[in-house]
Amino acid sequence: MEGGASFPRLFFPVTLLAGILLLVPGCQTGACDPACGPGELCELGRCYTIECQLDLDCDDASSCTRDVCQSDRKMCVHLLEPSEIGEGPVGEPTCSNGIDDDCDGWTDGGDNDCQTDVCNESGWCWTKPLPQGNTLAGAWAFGSDDVWVVGDGGTIMHWNGTAWKLEKRQAESEFLSVWGHSSDDIWVVGKAGVILHRQGNVWEEVPSGTTNNIHGIWGVSENDVVAVGAGGTILEWHGTAWTAATSGSMYTLSAVWSAPNGEFWAVGAEGTILHRMGNSWSPTASGTREHLYGVGGTDESDVWAVGNRNTILHWEDGAWSGDSSMPGDDLKSILAFPDGTIYVVGDGGVILERGAYGWVSSDSRTNSNLLAVVGSNPDSVWAVGAGGTMVQRRYGFWTAFLGGEPYQLEDIWGASPDDVWAVGFWGTILHWNGRNWHDVVSGTATMLYGIWGSSAIDIWAVGEGGIILHWDGRSWSKFDSGTSAELASVCGTSPIDVWAVGEKGTILSWNGREWIPASIDSEVELQDIWGTNEDVWAVGCDLDSSRMPRGVIYHWDGEHWSMNYSDKREENSCYYSIWGSAPDDVWVAGQNGIILHWEGRDWRKVDAKIFMDIKGLCGTSSTDMWAVGESSELVHWNGTSWSGTTVQNLDLHLSKPWCFSPDHVWAVGYEENFLSKRWGVPVRYADGNISAFVDTAHALGSIWVAAPDDIWALGRNILHWNGRDWSTVPTWEFESSGSTDAWGSSPSSVWAVSGWRVLHWDGSLWSTTHQFNDALHPGQLKAIWGFSDSNLWVVGTDSASGIGKGVVFHWDGQAWEEIPGEASGPSYHDVWGAANDELWVVGSEGKILRCDLTSCLPAASGTNETLVAVWGATANDVWAAGASGAMVHWDGNSWEVVPSGNSNTIFSLWGISETEIYAECDSGLLEWDGHSWNPVNIGTSAHPTAVGGSAESGIWVLVSGGGILHRNRP
């Protein structure tokens, strides 16, 4: 009866009703308290009306539901009705009314729709991530509602307690640090000696007298400010101008800090630490040669410095000494509070906290490099870094601003296909609204292992330390469990009959008022629970004196718990999950693929030939059950035999499933990526297809614009733009590595290639339409183009012979056929066509082919450089580009070389007209204006990965790290 069970739907249909039957708020078990209103009756603790005479009796006060009173069921029904119309834009009342107007789980400034667009002077605006994706290197805070951050692309942003807003952008600058004496007196410093000063609401550039990069700034008063930088640079401000001070060092200085008494400390390369007392700077021995990046403290006798290789130094009693034995990466910034709380941030998303019990590592919910940490008090702290990363400490733990990176997921349960919940590590709670997954504030950083509910407003989650959370339809709140034991699973038969189990034989029951403990053998670790009204089963492991686990099954007969079965024949066995369709059809699964079946009298071992540890079971009937575990396989029972379905291209560790219907199943777990980062992955089985949600931080490689409100970005996974925001579209179809490309004939018919597969979007899901034989064609497809759904072309590389050979395939609506070309030679990278007989293919060694339905013939390109992109405005105006900035043009008669002004590889081309064409390369974006190619400032140092667009939708650019920028055309 773990969180994936569908038991209430099988035995108590009244409480399910597709997960939307909700109890009238305030009604309790037994007598109704408070008393029912006029015209209402009380039955089993529920208030209801006869013939629904009073319309307001069922009003749940939520604008996100349609309230109906069903007299035949004596129940109030609240039908969720998410709005497709978003909140905002900024300035509209919907962004400041405290209401979730579009029923998406976010309110006002926390809703993407209410975020101010962060755009540069040329009109390029971030759409993902929000609010922006430039690296942030510096931060400063005056209070929890007054925070400043600065970074690449001349970015200066301000947090007012509700939303982040762009304060200023100075496009050619890269800002590295910020400090302020007050909200009306703020300094920003950066590369090439730039210094900006804000007085009132006016920013102005102040001469620094240097072109060296300035890395840090700090002050003790409005007339005593210090900035430090490259080459030992120290600048001092005493109210009128910046003047250089003698540092005595040629090493780069990375940060500066001042004690309240005016003593300054500066740190930098080679373990450099400088100290200013009075008017002069002098070196102090640090005891290290590591580069120091951050310095901070509480007063002149309590100063800290951090740097490479997890270096943490402490100044105390007139000397520096090492203070940390914590393993870690390079540390970049430190923040200390008078109460002794200290935060240190660094590469890989590391956050260290020092409190009464020394240093501990905290989970930051990101693996991005963190470069600065700032805050007004220990529980109002921000850390910022690479790719626009911002994480905030609130409620005692760290959360990623505007969503996050879901960690290892442990359990899943849903009220309906469009109302699904998943829980996992560090208090993670995710909600699926039928369109996408988003974070929901749990109020805890505790591990959550189990979830179950009786309805959409009665959901329980349990986990580490005996934590129990409850969802009432609006928020999660804590309940007293009376135990500190780890709780592994929760399930029930009704709102007033819920069970939770865990370690040390812990069993708890909820009667509608409180959680009541029961006890069995303390050596038993219970993993899961399931049952009917008075017939409940719990499974787990019994640990003997040698700590060798053996699987055990306990049974509740309505009055007592007793051991029903113990696998004493095998050591190192454990039962992880239990589920049943009826009291005489119960299944147990566990370690090493063991499966037991209960048919009403005894347990029988089933040889399912499953060799993984089975962590979860769920089902809808005796002929429809699923098992998941430590592999990327979902195994199905059809009443006769077991068969597996693999989630391809993902190395998944699945924990628990949830079954709503035979054609609608979810499972959760995690994927471990190349950074050893665990990403929470929900997997969905629907209508015979498996799809998976993976993280969106991977680079996106291609883009297809079907309409202004229907855009696809493809990479490790697939993102879709609906005109308001980007959401992840589930699929396991794409290869975990390798190129992808897309083309579409309409919004409901989009084609893509990945690896050796051709994929198709039919308006509702992505699926593989063809997979070329890997044994015959072990290369990969690189690009796709089409003229209709029955006239498609794909190109790629076939390395079956050991020597790469370009291949061209054509789809006529019935079958794929390889178009004859060269027997050996270059690989082909891109394809584009103006008409059926005007198709161009480009590849390595400057190869250009002109193809029709019978053959592909070479054309002289004028270059030997590898060509990886081709696009044309018309049949007589075609461009191809590639390595070393190679650019060639077809005028209808011949290809000619055109200078691009760039030496980097050009990876993609796209245009709007003959005089507005864009080329994407590592160094940035180029634009053809009809006369020459010129660089375009898109407002970020992240390098582009693809470009696309249309006259109606504007131009879209994908950038490294999974970011997306957009510019509307004039």
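## Cores, cysteines and one histidine

The largest nonpolar core here has 90 residues, and the members that touch the most others are W124, W766, V841, M887, L909 and W933. A nonpolar core is a set of buried Ala, Val, Leu, Ile, Met, Phe, Trp, Tyr and Cys residues joined through side-chain atoms within 4.5 Å. There's also a second, separate core of 52 residues, with W432, W476, L526 and A538 among them.

Keep in mind that this is a predicted model: local features need pLDDT of at least 70, side-chain atom pairs count only at pLDDT 80 or more, and totals for chains, interfaces and linings use all residues. Numbering runs from 1 along each chain as its sequence is written, and side-chain values use heavy atoms, with hydrogens and water left out.

**The chain overall**
- Of its 970 residues, 59% are buried (under 20% relative accessible area, with exposed over 50% and partly exposed in between; 1.4 Å probe, protein chains only).

- Leaving out residues up to four places away in sequence, M887 touches W879, A880, A881, E896, V897, V898, S900, I906, L909, A919 and W933 (contact means heavy atoms within 4.5 Å).

**Three disulfides**
- The structure holds three disulfides (pairs of cysteine sulfur atoms within 2.5 Å).
- C541 and C574 are joined with an S to S distance of 1.5 Å, and at -75 degrees about the S-S bond their link is left-handed.
- That pair links distant parts of the chain, 33 residues apart: C541 sits in strand β48 (residues 535-543), C574 in the loop between β50 (561-566) and β51 (575-582).
- C618 pairs with C659 at 1.9 Å, S to S, and this link is right-handed, with 65 degrees about the S-S bond.
- C851 and C856 make another disulfide, S to S 2.1 Å; its torsion is about 115 degrees, so it's right-handed.

**H653**
- H653 is found in strand β59 (residues 652-661).
- H653 counts as buried because its relative accessibility is 17%.
- The H653 side chain makes a polar contact with the side chain of E630 at 2.9 Å. A polar contact is a pair of N or O atoms within 3.5 Å; within protein, one must be able to donate a hydrogen and the other to accept it, and residues adjacent in sequence count only if both atoms are side-chain atoms.

Key. Helices (H or I, at least four residues) and strands (E, at least two) are DSSP runs, numbered from the N terminus.
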